[in-house]
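Q: Please take a close look at a single part of the model shown below. A connected account of its surroundings and its surface would be appreciated.

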Amino acid sequence: MKQRHQQKLVIISLVLLIALNLPIVLLFDSADSVLGFPVIYIYIFSVWLFSALLSLLIIKRYHE
């Protein structure tokens with residue numbers, strides 16, 4: 001894997017670290033719900049799913 005692709009994965013990791021940091025997560029802590037699920041759960045699993053899919057895309061596309 002090339003250096004720039006490793007850098008992309010490091011950037012994704014840093015963004016994930018910031019997105020799942022407690023002050024950011026607490027912004028979504030409310031009594032509201034979407035389809036019966038609390039908003040905080042939807043936020044956490046959406047961020048996790050997006051980062052996993054983006055990492056998979058980078059690894060599959062640029063694996064050499």
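A: Helices are DSSP runs of H or I with at least four residues, strands are runs of E with at least two, and both are numbered from the N terminus. The model is predicted, so local features need pLDDT of at least 70 and side-chain atom pairs count only at pLDDT 80 or more, whereas totals for chains, interfaces and linings use all residues. Residues are numbered from 1 along each chain as its sequence is written, and side-chain values use heavy atoms, with hydrogens and water left out.

The part examined here is helix H3, which covers residues 39-62. Its partner is helix H1 (residues 3-19): the two axes, lines fitted to C-alpha atoms over the stretch in contact, come within 10 Å and cross at roughly 175 degrees. H1 is therefore roughly antiparallel to H3, a term for angles over 145 degrees on a scale from 0 to 180 between N-to-C directions. On the H1 side, the contact (heavy atoms within 4.5 Å) is made by His5, Lys8, Leu9, Ile12, Leu16 and Ala19. H3 contributes Tyr43, Val47, Ser51, Leu54, Ser55, Ile58, Ile59 and Tyr62.

Ser51, one of these H3 residues, illustrates the packing. Ser51 touches Ile12 and Leu16, leaving aside residues up to four places away in sequence. Ser51 counts as buried because its relative accessibility is 10%; buried means under 20%, exposed over 50%, and partly exposed in between, with a 1.4 Å probe and protein chains only.

Leu49 belongs to H3 and is partly exposed because its relative accessible area is 44%. Tyr41, likewise placed in H3, is partly exposed at 47%. Both Leu49 and Tyr41 take part in a nonpolar surface patch of about 680 Å², whose other members are Phe45, Trp48, Leu53 and Leu56. Such a patch joins nonpolar side chains (Val, Leu, Ile, Met, Phe, Trp, Tyr) within 5 Å, from residues with over 30% relative accessible area and no salt bridge. A salt bridge is a side-chain nitrogen of Lys or Arg within 4 Å of a carboxyl oxygen of Asp or Glu, and the areas come from the Shrake-Rupley method.

Tyr41 and Asp29 are twelve residues apart along the chain, with their C-alpha atoms separated by 8.9 Å. Leu57, also found in H3, is partly exposed at 43% relative accessibility. Leu57 and Ser30 are 27 residues apart in sequence, and their C-alpha atoms are 32 Å apart in space.

Methods:
Patch = residues over 30% accessible without salt bridge, like charges linked within 9 Å, V, L, I, M, F, W, Y side chains within 5 Å. Areas by Shrake-Rupley, 256 points an atom, 1.4 Å probe, with all protein chains shown as cover. Parallel < 35°, antiparallel > 145°, perpendicular 65-115°, else oblique.
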